[in-house]
Amino acid sequence: MAGGSVFECKEYLFKVLVIGELGVGKTSIIKRYVHQLFSQHYRATIGVDFALKVINWDSKTLVRLQLWDIAGQERFGNMTRVYYKEAVGAFVVFDVTRGSTFEAVSKWKHDLDSKVKLANGNPIPSVLLANKCDQKKDSSNNTALMDNFCKETGFLGWFETSAKDNINVDEAARFLVESILANDKGLPYEESNGERIKLDQETVAAESKSGCC
Amino acid sequence: MAAEELPSEFDVVILGTGLAESVVAAAFSRVGQRVLHLDRRSYYAANWASFTFNSLLTWIQQHHEEPQPEELHDWSSLLEEGEELIYLSNTDSTSVRNLQVFCFTSEEGEEAEAQSPDAPNTTEEVSAGDAVKETSETESADSKYEETNQKPEEEEEEEQASQTEGEEPEADQPTPTAAQSQSEPTKKKISYAQLVKEGRRFNIDLVSKLLYSRGSLVDLLIKSNVSRYAEFKNVTRILTYRHGQVEQVPCSRADVFASRQLSVVEKRKLMRYLTSCVEETEEQRAYNGRPYLEFLCDQQLGNNLQHFLLHSIAMVTEDTPTEEGLASTRHFLRCLGRYGNTPFLFPVYGLGEIPQCFCRMCAVFGGIYCLRHSVTCLLVEKETNRCKAVIDSRGQRISCSHFVVEDGFVGADRKRLATPTRFLSRAVLITDGSILPSNSDQQVSMITVPPVAAGCPTVKMVELCPSTMTCMPGTHLVHLTCQSVGSAFEDLSPVVTRMFRTPQSHDQEKNPSVLWCLYFNMADGSEVKGHDLPSNVFVTFGPDGALSHEHAVSQAELIFKKILPEEDFCPPAPNPEDIIYDGENTSTGGEEEQSLQTEE
């Protein structure tokens, strides 16, 4: 851990959403990225809210990335606002072996843009992940098509990923974080929001006056 | 997102996503029960919902439309031997009524476009694009807007209002000098078009409540870790309305000492009273059953203090019995200082967040959510009088062991109506400033307004600032609530006219102007009514008029305890940062489960 440059180290906490159809590998990607694990066998995403990845971005920057998985409700597409609020980036995942999951991408993107915006009203940066590329049957090259699709749909870019073989997961995350950081620098954060209070167990224990994050 | 078929078996099916239902859902899901949580509406939180400005307009419009009588399907073909059907109500048109909307700001927005008062970093291009999109989404709501003014003379007044505004020089000429449009708050009124354009910055709650910092909802949020989904703001001051003036109520020790309205003698008396009333005394018991006001009178505190103690601290009426008045005073005092200078918290993004936080927790533990999806009828086993299954709005038979339903979905034929439903009167105002300006423009205020005339109700008012993320910069959002005597407009407009500037108010130059307001009545959920329903069907009731959330939380806990008396109610969910995934072997095959462990 590069804890040396305490004086100049800037810490960021970013909430990033991971969305897409059932079974496209959202949880696998998160697990691969956060825990360096891949497991073919899991059912649904029970009891997991988000996973945290701490990145020593550079000597002056520490990024804490909260990756929010969608929970049981995903199948019917009714996410609470709790899920979307204050997210600063998103991955939309589809499964290259199932065309229907790609068709749903625009719907997910539209849903995303309608439910969360940056403080300045712009859509949050999002990256498209073509997952399970290790299982891709045809080796046809759709790069141009995909680039065009991303442009039209408003994705920053796309990556062929495999949570199983650990392909491009880190790269995609790096690409998204770069863009989030660029946004963050461009926008003076709304400081007027003042102090917010978190209620948590520690607050109870300490009974401190306020436990702002 | 696919229109997939639902699983056909659950432990608990819950209809309605209000606070009580959502807490029930989280509680069951958390202890491993299979939960299906449905709502007929297209949004979460039922009558507890909060809306952006534009979605509120849509909601208003929906309530003006005649409810479409859905054709009643005959599902008797799905009946099995020894079963019968109970149909649920297919409209929820009864819980909200008397909607009236007034717009006191200019409707046209072309000039306003040039002079957006906030977001200097928003580029013109982007905002224009946004406006177009939002308008198209709510086109229907806007076009129906005129119809929402019910009485013709009010419509006239409204036009007058826009005209008078138009005559003001600063409203007419768009002269956006840099200084005007940025740091300095401009005098220019925010137009209706701006409200629509910045609509997403509003989160307008249908209910108006606060969280007592030591109330049961705060305790539950902390205990269950559902609190991780929410952030709060302190209510920064308690105000009251007296002799035509808004005054700050000193309630903490620091406030009392700092107060400039109180004399030294009053300060001493108030401190002595607040210290002494914490303990129950013989003297207090002697007043049991007699009005708290009488008790206060006999303490010889003087009119000032008496008013503060009765209306703002105990928040009771003049005829409330002493023991009740003292109990609420003590609760108020206990809640002071835990998080801030007042006993209250307000959730960032509005109260509508809270039910959704519980829904998220339910979903995280496997609960399935469908909006725009209802239950049309229950299948009841005649012999045992238990509900075995429900039939959803798509005609699917879903079996369940228990069914929880919001009162609004229960047909009138199943209700044992003793008295006509009571209502709450609500008003929501978007204003252009605080009711009591201070050196900070980010105050969150709780205001108690005693009856303005004999026979009028006591009004509770909450004023929210933009940092609560419930209104756009340059505005405040004001919620008024009281037990209804007449319609919401009849009950609350006299208070609005006195305390704010509207075309109806006179000599109120210094008061903040009302830009837009909505009045409506909502059924009072505190009236728990009996139902003729099977024993494993549980009915929940919507928001009540109290400031606290005790009613909803206690309903939820009661239902949970009835069904699962042995289980813990909302035990803490593991902290996501403590969860470690088991690296399973891929060879196990068969039934795969993701196993989770929590670190110490």
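User: Is B:F344 buried or exposed?
Analyst: In this predicted model, B:F344 is buried, with a relative accessible area of 0%.

User: How many aromatic pairs does a search of the whole structure find?
Analyst: The search finds 27 aromatic pairs over all chains. One of them joins B:F332 and B:F344 in an edge-to-face arrangement, with 6.1 Å centre to centre and 80° between the planes.

User: Which parts of the chain does that pair link?
Analyst: The pair links distant parts of chain B, 12 residues apart. B:F332 belongs to helix 16 (residues 322-335), and B:F344 belongs to strand 11 (residues 344-347).

User: And B:F332, buried or exposed?
Analyst: B:F332 is buried, at a relative accessible area of 1%.

User: What about B:F489 and B:Y519, what do they form?
Analyst: B:F489 and B:Y519 form an edge-to-face aromatic pair, 5.1 Å centre to centre, with 80° between the planes. This pair also links distant parts of chain B: B:F489 is in helix 18 (residues 488-499) and B:Y519 is in strand 22 (residues 514-523), 30 residues apart.

User: Why does B:Y519 count as buried?
Analyst: B:Y519 counts as buried because its relative accessible area is 3%, and the cut-off for buried is under 20%.

User: Changing topic, which residues form one aromatic cluster with B:Y229?
Analyst: A:F50, A:W68, A:Y83 and A:Y84 form one aromatic cluster with B:Y229.

User: Where does A:K53 lie?
Analyst: A:K53 lies over the face of A:Y33, at 4.6 Å from the ring centre.

User: And A:R174, over the face of which residue?
Analyst: A:R174 lies over the face of A:W57, at 4.2 Å from the ring centre.

Technical notes
Residues are numbered from 1 along each chain as its sequence is written. Chains are lettered from A and ligands numbered from 1 in the order in which they are written. This is a predicted model: local features need pLDDT of at least 70, side-chain atom pairs count only at pLDDT 80 or more; totals for chains, interfaces and linings use all residues. Side-chain values use heavy atoms; hydrogens and water are left out. Rings of Phe, Tyr and Trp (its six-membered ring) pair if their centres lie within 6.5 Å; planes under 30 degrees apart count as stacked, over 60 as edge-to-face and the rest as tilted. Helices (H or I, at least four residues) and strands (E, at least two) are DSSP runs, numbered from the N terminus. Buried means under 20% relative accessible area, exposed over 50%, partly exposed in between (1.4 Å probe, protein chains only). A charge sits over a ring if NZ of Lys or CZ of Arg is within 6 Å of the ring centre and within 35 degrees of the ring normal.
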